[in-house]
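This briefing covers a metal site, a sheet and some aromatic contacts. Please have the sequence and the structure open while reading.

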Amino acid sequence: MQNKKITKREIASIRKVKLQEHSPIHAAGPVIEPGNWEKYDPFLLMMEDKFQKGAFDVHPHRGIETVTYVIEGAIEHYDSHSGEGGVLGPGDVQWMTAGSGVVHNEVPSEGITAHSLQLWINLPREKKMTAPRYQNLKGSEVPVREEEGAVFKVFSGSSKGVVSPTLNHVPVTMVEVRMEKGAEASQELPGSYKGFIYIIEGIGIFGENEVQGANGQVLELGDGGNAESEIAVKAEGPLRFLLYAGEPVKEQVVARGPFVMNTEEEIRTAYKEYMNGTFLK
Ligand code: FE
């Protein structure tokens, strides 16, 4: 019998996320800094935000998907395109495909400070102008996998046979993992995926090189080889983290403001259309 080679991933880098005050009602810091297009492909950026009503204004997006995870508080989402709205609470996710274009706003409920993580996923050339789509994923409703002392909520992709129904244009695994002190668990990933872990609470030991990570830190996953891979975790106390990994798009990225396209020309078109009222398809 032939043994299938599984690459045990290391942690390639670790960094503390720092929030800066942008205004009295908004603090933000990059979890994934924009500009590292190749390093985190298909992920373009992730921002951690603490904000109140009024921090953001109505704005457009094109050429990406945004994935918003609420850590604390509540965010109401308004969309001028489809009229779709909804409230996201702690542990909920909105998976929004901007595609050809959405115009929206994200607003914390009155008097509430929302604490959230927003990831931008690149779309490949042939999907840049796909139809917009919203998937509201309630933390209490997503598929769950349990190991001894560990609970995996599968927001996208799969975890050892537990498969999420979330629709993807770019294959992405997103799991929220809660572990008890002393528990050990692992998540499998295709070797080609790039990804990272963001620790929300607690302390754990991550990866084959046994890197200690704590709340507020982001850990870049090491190379996964060219077959299957997995990332192992041991909890040193109660632990909660998010794991994001996806298939690289490997295309030219031209990003400006809320638009991410393949060429300067496409960016100019997006701005022109937004200005002259022909943006929404
Ligand atoms: Fe937005």
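Is Y271 buried, partly exposed or exposed? Y271 is partly exposed, because its relative accessible area is 32%. The model is predicted.

**Iron site**
- The iron ion has H59, H61 and H104 as its protein donors, each through NE2, at 2.1 to 2.2 Å.
- Along the chain these donors follow the spacing H-x1-H-x42-H.
- H61 belongs to strand 6 (residues 59-61) and H104 to strand 11 (residues 102-108), so the pair ties together parts 43 residues apart in sequence.
- H61 and H104 are both buried.

- An open sheet is formed by seven strands in the order 3-4-5-12-7-10-13, with antiparallel pairing.
- Strand 3 (20-23) and strand 13 (133-137) are at the edges with a single partner strand each, so one side of each has no neighbour in the sheet.
- From one strand to the next, the twist averages 20°.
- Strand 5 (residues 43-51) and strand 12 (residues 114-122) run antiparallel and are joined by eight bridges.
- K50 has H115 in strand 12 as its bridge partner.

**Aromatic contacts**
- The structure contains nine aromatic pairs.
- F259 and Y271 have ring centres 4.9 Å apart and planes at 85°, so this pair is edge-to-face.
- F259 lies in strand 27 (residues 259-261) and Y271 in helix 2 (residues 264-276), twelve residues apart.
- F259 counts as buried, at 0% relative accessibility.
- F259 and F279 have ring centres 5.6 Å apart and planes at 45°, so this pair is tilted.
- F279, in the segment after helix 2, is buried at 2% relative accessibility.
- One aromatic cluster is made up of Y40, F43, F196 and Y244.
- R145 lies over the face of F152, 4.1 Å from the ring centre.

Methods:
Residues are numbered from 1 along each chain as its sequence is written. This is a predicted model: local features need pLDDT of at least 70, side-chain atom pairs count only at pLDDT 80 or more; totals for chains, interfaces and linings use all residues. Side-chain values use heavy atoms; hydrogens and water are left out. Donors are N, O and S atoms within 2.8 Å of the metal (3.2 Å for Na, K and Ca); water is not among the atoms, so sites may look incomplete. Helices (H or I, at least four residues) and strands (E, at least two) are DSSP runs, numbered from the N terminus. Buried means under 20% relative accessible area, exposed over 50%, partly exposed in between (1.4 Å probe, protein chains only). Two strands pair if DSSP finds at least two bridges between them. Axes are lines fitted to C-alpha atoms, for helices over the stretch in contact, and angles run from 0 to 180 degrees between N-to-C directions. Rings of Phe, Tyr and Trp (its six-membered ring) pair if their centres lie within 6.5 Å; planes under 30 degrees apart count as stacked, over 60 as edge-to-face and the rest as tilted. A charge sits over a ring if NZ of Lys or CZ of Arg is within 6 Å of the ring centre and within 35 degrees of the ring normal.
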